[in-house]
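Here's a quick tour of one model, going from a single side chain to a helix and then to a pocket. Have the structure open as you read.

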Amino acid sequence: MVTNPVHSPMTDSHVSPLSCRTMNAMKLRNFAPPRNHSRFGERPLWFRPVTILKVAEHNSGSGLVELETLAQKKRELYQAVEGINRGIFGMPSAKKSEIESLVQQLESLNPTPYPTQELEMVAGCWRLVYSTISILGSKRTKLGLRDFISLDEFFQTIDISKSKAVNMIKFSARGLSLLSGQLSIQASFKIASTTRVDINFENSTITPDQLMNVFRKNYDLLLSIFNPEGWLEITYLDDSMRIGRDDKSNIFVLEKFDDSKNS
């Protein structure tokens with residue numbers, strides 16, 4: 001924490017983390033796209049603001065290089081996941097390897113090594129941009145996700161004051177008078193370590209009733225795919241991106257989302 005203003009000029013050998021953060025925010029502001037979009041895919045994912053607000057290095061050279069590397073890797077990851085519908089319905093193995101390599105590179109540069117000690121960064125609404133959860137073959141057929149029902153956005157809202165998380169998976173169904181609905185899953189969480197939280201499933205609902213009628217026969221299958229119960233390791237966290245790995249070996253990449261645009 002900076003308690004006194006510093007009036008002397010900074011040299012190349014010492015730039016405070018606050019200064020690096022400020023310079024970075026100014027640099028990255030030029031990359032910001034229009035902010036009034038709420039649908040997945042309305043603009044290229046790679047053309048997103050890539051803000052990194054934490055730097056461990058005090059040396060200006062290494063600190064700025066790290067910032068540039070993080071920003072570049074985030075752009076590459078957004079570009080790699082563009083057009084694959086979050087990976088849920090499968091993808092070529094080469095594409096999966098490319099994405100997971102970029103994920104590992106970002107994890108190695110994680111600017112928040114102890115994320116559960118800074119849960120305020122986790123709070124709020126997040127949108128899924130990539131996951132290794134898959135709905136393939138007979139599962140996809142049983143759930144009607146080939147032709148009749150479309151899988152739309154996946155949001156997660158985290159309330160750290162109540163230690164609660166709500167996952168909202170949105171669907172669109174052709175032929176129904178109410179064409180859209182959602183599966184909502186509420187869970188509680190508790191801190192297990194400096195990087196891990198334990199998650200307990202609490203309840204789930206599907207709205208509207210017409211959509212519940214469509215899924216009723218295979219509701220247990222649907223819930224088994226999206227049930228978050230278990231543990232989650234937060235492997236990367238900054239102000240706009242979060243990466244996690246769970247006890248089922250799944251990877252999740254989420255971006256911070258302004259939920260006022262999701263109402």
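In this predicted model, the side chain of Asn110 reaches over to the backbone oxygen of Thr112, at 2.9 Å. Asn110 sits in the loop between H3 and strand S1 (124-131). Is Asn110 buried or exposed? With a relative accessible area of 18%, Asn110 counts as buried, because the cut-off for that label is under 20%.

Now step back to helix H3 itself, which covers residues 93-108. H3 has 16 residues and spans 22 Å from its first C-alpha to its last, close to the 22 Å expected at 1.5 Å a residue. Its buried residues are Ile99, Leu102, Val103, Leu106 and Glu107. Look down the axis of H3 and these buried residues fall within an arc of 140 degrees, so they line one face of the helix. Ser93, Ala94 and Ser108 are exposed, on the face of H3 turned away from its buried side.

On to the largest pocket, with a volume of about 540 Å³. There are 34 lining residues, and the closest to the pocket centre are Gln156, Asn167, Ile199, Pro228 and Phe252. Elements giving two or more residues to the lining include helix H6 (219-226) and strands such as S2 (149-159), S3 (164-173) and S5 (196-207).

| Class | Lining of the largest pocket |
|---|---|
| Nonpolar | 22 residues |
| Polar | 7 residues |

Definitions and conventions:
Residues are numbered from 1 along each chain as its sequence is written. This is a predicted model: local features need pLDDT of at least 70, side-chain atom pairs count only at pLDDT 80 or more; totals for chains, interfaces and linings use all residues. Side-chain values use heavy atoms; hydrogens and water are left out. Helices (H or I, at least four residues) and strands (E, at least two) are DSSP runs, numbered from the N terminus. The expected span of a helix is 1.5 Å times one less than its number of residues. Buried means under 20% relative accessible area, exposed over 50%, partly exposed in between (1.4 Å probe, protein chains only). The arc is that of the directions from the helix axis to the C-beta atoms. On a 1 Å grid over the protein atoms alone, a cavity is a set of points where a 1.4 Å probe fits but cannot get out, and a pocket is an open set with protein on both sides within 12 Å along at least five of seven lines; lining residues have an atom within 4 Å of a point. Grid points are joined across faces, edges and corners, and a volume is the space filled by probe spheres set on the points. Ala, Val, Leu, Ile, Met, Phe, Trp, Tyr, Cys and Pro count as nonpolar, Asp, Glu, Lys and Arg as charged, and the others, Gly among them, as polar. A polar contact is a pair of N or O atoms within 3.5 Å; within protein, one must be able to donate a hydrogen and the other to accept it, and residues adjacent in sequence count only if both atoms are side-chain atoms.
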